[in-house]
Amino acid sequence: MKFFGAVYVGTYAISMRIFEVKKGSPLITVESVSVPMRLEEELIDSRHLSPDTIDDVCRHINEFKEIIETYRCDDCRVYTNPAFFRLSDSVFIRDSIKRNCGLDLTILSNSEHRLLTYKRLTAHPEFANMAGDGCAIVNIGGGDTQITVVSEGDLMTTEHISMGAVILYDSVKNIPENESKKRMIMTELIDKQLNVIKGRRSKKKLNNLILMGDYARETYGKTKEKKESIIDAKQFLAVINDALAFKNEDIIDFLNVSDENAELLAPYMVLYKRMLESMGVKRILVPEIDILDGIGYSYALEQKLLPGERDFESDVLSAARHMADKFMSYSPHIEALVKNSTLIFDAMSSEHDMGSRELLLLKCAAILHDIGKFISLTGSPTISFDIIMASEILGLSHRERFIVASIVKYNATPLISFPDSEMDEETYLIVSRCAAIMRLANVIDRSHKQKFENITVRLSDDKKLIIAITSEDDLLLEKSMFGQKIDTFKNVFSITPVLKHKKKVV
C-alpha cells in the first residue's frame, strides 16, 4: 500500500488530494482540500503573476505539504494547467516554488492535461460501451474547451477550442445589454467555433456525450437520476434550460452552489446547452472525475499498482491515422512505411539507445509524413510540420509533438546542423536518428507499390545494415534511389545500409 499526494494549481483554486493506493484496488481518496484563488485575470489577461500572488501560491502549497507529510506519503507531485506556459515569468514561478516549497512544479501542456483525465475516464465502468457506440468527450474549462471523439472504441480526433467560461464571460461583461441578450451573444460566439468543428468532424454518428466541467455535476444532480449513471440527454438539457430561465443570482439557489465565481454560471450553462444541441447526442454521462483523479490514477498505473486496461499508445496511433485520413494521405504505403521503420529501428537497437516511446513517435511520423501534400506538393514537409504542431494528438506532450513534426520535416529536407537547430542535444539526436531511419524505410517502398513479400533487416558484425527483400517484381526504382538516400543514415549512425534483392521464383 502507498500514499500519494497530488497538488494542482488551477485557475480558480489550489487543490490537494491524498490517495491510498493498493495493488489491484481502486484508488481511495483519504483527504481532499481546495482553497479558492482567483488567478484567471493574471493568467489570461496580464499573463504575469504578481509577487504577492506567487507568495500566496507558495504559502498554500506549503500548507498542503504539511498535510501530505502527516500521511507519510510515498510521493508528492505538483501540477498546473497549460495557461502557465503563456506566462512571461513561468520560469521564475517554478524557481520560486522550488526554493520556497522544495517541490517541482510541472506545467502540463494541453494534451498532457487532457490525457491525465482521459486515462482515469477510461476506467469508468460505462466508458467502453459509450466509446463503442460513438462518443464525444467534452471537457470545458475557464479558458478553453476540449472535444475528443471516440468511435467503435478507437480514438479519432481531438479538437481544442480557445473558448471557455472565463473567456466567454469576459467577452460580454462590458456590453451594455441585459442578461438575456448577453446570453444570446454568448450563444453566437460559441456557435461560430462549433460550426468550424462541425464542418470537419467525422460523419460517424455520435450517440453519447461524456461531459466534464464546473457545475456539470450540480446540473446532473437536478435530474431525476441522482446516481452516476447514463441519462437521457433531453433530461439534462431540460435542467439547463430551467437554469437559464433564472437570473445569475437565482441560478445559484437553483443549483445549490456557492456564490464563488457566480458570474461564470451562465457561461457554463450556455456552453453545455450548445454542446448538447449541436452534437445531437442521445445519452449523457457526467462522471465525478477531475484532474486530481487523473493525476492519482496515472501515478498508480506508473507504479504498476493498477492493471493497464487500455493501450494508450494505440490511442495515439489511432488518432494519427484518422488525422492522416482527414488530409487524404492514409494509404497502404503508410502501413508499409510504419512496418519498415519498425524493422530498421529494432535491428538498430544496439546503436541508437532509443526505447518504446521513441518508436511510438517514429510510427506517428511515418503515418503523418505526407499530410502536407493535401495543401501543396511544393514545400509539403514544412506544411506537414506546421499542421502537426497546430493539431492536438491526445497522448503526446508538446515536446513529443515537436519531435514527430521535426522527423516528418527532415525526412524530406536536409537535416539542419545542431548549432542551428534550436533543439537541445537529446531532442536533436532523437529527431536525427528517427528521420534517418524513416528516410531509409521510405526508399524501400519508393514506388508506393509494396513490391516486397518479405523483408528482413539485420546488423552485421562488420557494421553494415543488411536489408534483404524477397519479391516477384523488379526493384529498379528502389535500387536506383537507394544509394542516393542513405547518406543521412550513414552520417547519423556511421553504418552503411546494404540492399539485397532475392527474386521469388513463381
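Of the 506 residues in this chain, 54% are buried, meaning under 20% relative accessible area with a 1.4 Å probe and protein chains only. Keep in mind that this is a predicted model, where local features need pLDDT of at least 70, side-chain atom pairs count only at pLDDT 80 or more, and totals for chains, interfaces and linings use all residues. Numbering runs from 1 along each chain as its sequence is written, and side-chain values use heavy atoms, with hydrogens and water left out.

Now for the overall build. The chain holds 22 helices and 14 strands, taken as DSSP runs numbered from the N terminus (H or I, at least four residues, for helices; E, at least two, for strands). Its C-alpha trace spans about 80 × 50 × 45 Å along the principal axes.

On to the inside. A nonpolar core here is a set of buried Ala, Val, Leu, Ile, Met, Phe, Trp, Tyr and Cys residues joined through side-chain atoms within 4.5 Å. The largest one has 99 residues, and Ile137, Ile344, Leu368, Leu440, Leu465, Ile467 and Phe489 touch the most other members. Helix α20, residues 425-444, gives the most to this core, with 12 residues. Take a look at Leu465: setting aside neighbours within four places in sequence, its contacts include Ile344, Leu440, Phe489 and Val498. Apart from this core lies another, of 50 residues, among them Val166, Val172, Met186 and Ile284.

Definitions and conventions. Contact = heavy atoms within 4.5 Å.
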